[in-house]
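The exercises below are meant to be worked through with the sequence and the model side by side. Try each task before reading the solution that follows.

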Amino acid sequence: MSFALIIGASGDIGGACAKRLAAQGWSLYLHYDQHEAPVTALVAELTTAYPKQDFLKVQYDLTDEMHLDQLTDQLFSVDAVIFAAGMTYYHLFQETTVPELTTLMQVHLLTPMVLLTKLQAKLSVSGHGRIIFIGSVYGGSGSAMEVAYSTVKGAQSAFVRAYAKEVASLGITVNVVAPGAVATKMNKMFDAPALAAVQAEIPAGRFAAPADISYYVASLCSQEAAYLTGQTLYVTGGWLR
Ligand SMILES: NC(=O)c1ccc[n+]([C@@H]2O[C@H](COP(=O)([O-])OP(=O)(O)OC[C@H]3O[C@@H](n4cnc5c(N)ncnc54)[C@H](OP(=O)(O)O)[C@@H]3O)[C@@H](O)[C@H]2O)c1
């Protein structure tokens with residue numbers, strides 16, 4: 001049985017990835033930080049739907065890159081890792097604080113990178129390990145008011161380009177799925193007129209649903225998706241890229 005670790009399974013995109021991967025036969029480690037309830041509900045739903053698969057909760061705060069053994073000690077085999085955790089700050093760059101920069105770098109980049117140093121051996125066992133970051137179109141295009149966020153999202157793409165080369169011979173693929181605007185609680189900070197203004201710019205005429213993103217994540221996790229690595233796949237409805 002194949003196991004995927006979904007970091008940020010309590011979030012909207014992470015939860016959609018969990019549902020899609022479970023339907024394809026994966027057992028899952030479902031990570032959360034502050035919000036256990038969505039993951040508890042996922043475990044109940046998925047256990048009922050797929051009783052022969054395992055669904056296990058794991059908690060960790062990604063602003064702590066020093067104690068990851070507390071997380072990895074709970075994992076047995078790991079065949080795929082999906083990094084779907086994240087947050088942003090919305091203001092001018094000159095107002096950005098060092099704690100904000102530190103948090104962005106830890107959550108999106110530093111702690112995932114440290115975690116991968118600890119999981120590479122497990123990911124190489126099957127001969128078809130899969131690593132996917134949920135990046136952002138802003139990592140490619142850049143965005144005013146989210147300069148630091150755009151920076152760490154672009155760095156995720158730089159990381160997968162390099163790391164993919166190092167682990168290709170182990171059968172591990174490493175990619176970014178980079179959404180445009182997705183209808184999730186991450187965008188709750190914006191009022192209706194602001195959301196409508198963004199929607200008007202999207203050629204597809206709507207925000208993505210989380211399932212629009214999880215479709216590509218699950219596709220890249222399949223054994224057949226063995227020859228695409230080091231790439232950033234922009235899933236934007238034609239917006240910005
Ligand atoms: N929504 C969009 O428009 C959009 C567009 C492009 C890219 N993205 C990216 O997509 C990913 C998922 O976002 P989403 O829209 O699904 O957001 P969401 O529903 O708000 O979920 C955010 C997830 O990140 C986790 N998280 C936040 N801070 C954490 C920390 N310090 N330690 C561990 N986990 C932490 C949350 O865990 P808890 O809730 O349990 O604390 C939750 O699982 C992010 O990387 C985001 O940058 C989103």
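This is a predicted model: local features need pLDDT of at least 70, side-chain atom pairs count only at pLDDT 80 or more; totals for chains, interfaces and linings use all residues.

**Exercise 1: Salt bridges**

K118 and D69 are joined through their side chains in a salt bridge, with 3.2 Å from N to O.

Solution. Residues are numbered from 1 along each chain as its sequence is written, and side-chain values use heavy atoms, with hydrogens and water left out.

Step 1. Helices (H or I, at least four residues) and strands (E, at least two) are DSSP runs, numbered from the N terminus. K118 is partly exposed at a relative accessible area of 36%, and D69 is partly exposed at 41%; buried means under 20% relative accessible area, exposed over 50%, and partly exposed in between, with a 1.4 Å probe and protein chains only.

Step 2. A salt bridge is a side-chain nitrogen of Lys or Arg within 4 Å of a carboxyl oxygen of Asp or Glu, and by this rule the count comes to four. One of them joins the side chains of E36 and K57 at 2.9 Å, N to O. This pair links distant parts of the chain, since E36 sits in the loop between β2 (27-32) and α2 (37-49) and K57 in strand β3 (residues 55-59), 21 residues apart. E36 counts as partly exposed at 36% relative accessibility, and K57 counts as partly exposed at 33%.

Step 3. Another salt bridge brings together the side chains of D12 and K185 at 3.5 Å, N to O.

**Exercise 2: Helix α1 and its surroundings**

Describe the span of α1, name its buried residues, and state what follows the helix.

Solution. Step 1. With 12 residues, α1 reaches 17 Å from its first C-alpha to its last, which is close to the 16 Å expected at 1.5 Å a residue; the expected span is 1.5 Å times one less than the number of residues.

Step 1. The buried residues of α1 are I13, G14, G15, A16, C17, A18, L21 and A22. Just after α1, G25 takes a positive phi of about 100°.

Step 2. The backbone oxygen of A22 is reached at 3.1 Å by the side chain of Q53, a residue in the loop between α2 and β3 that is buried, with a relative accessible area of 14%.

**Exercise 3: The ligand**

Which residues are the closest to the ligand, and which polar atoms lie by its oxygen atoms?

Solution. Step 1. The ligand is surrounded by 33 residues, the closest being S10, Q34, H35, Y149 and T184, where a residue is near if one of its heavy atoms lies within 4 Å.

Step 1. A polar backbone atom of I13 is 2.9 Å from an oxygen atom of the ligand. An N or O atom in the side chain of K185 is 3.1 Å from a ligand oxygen atom, and a polar side-chain atom of N187 lies 2.9 Å from an oxygen atom of the ligand.

Step 2. Of the 900 Å² of accessible area that the ligand has on its own, the protein covers 92%; such areas come from the Shrake-Rupley method with a 1.4 Å probe, and for residues only the protein chains shown count as cover.

**Exercise 4: A positive phi**

Where is M145 found, and is M145 buried or partly exposed?

Solution. M145 is found in the loop between α5 (138-141) and α6 (147-167), and is partly exposed at a relative accessible area of 27%. Its phi is near 75°, a positive value in a residue other than glycine. Most residues other than glycine have a negative phi.

Key: A polar contact is a pair of N or O atoms within 3.5 Å; within protein, one must be able to donate a hydrogen and the other to accept it, and residues adjacent in sequence count only if both atoms are side-chain atoms.
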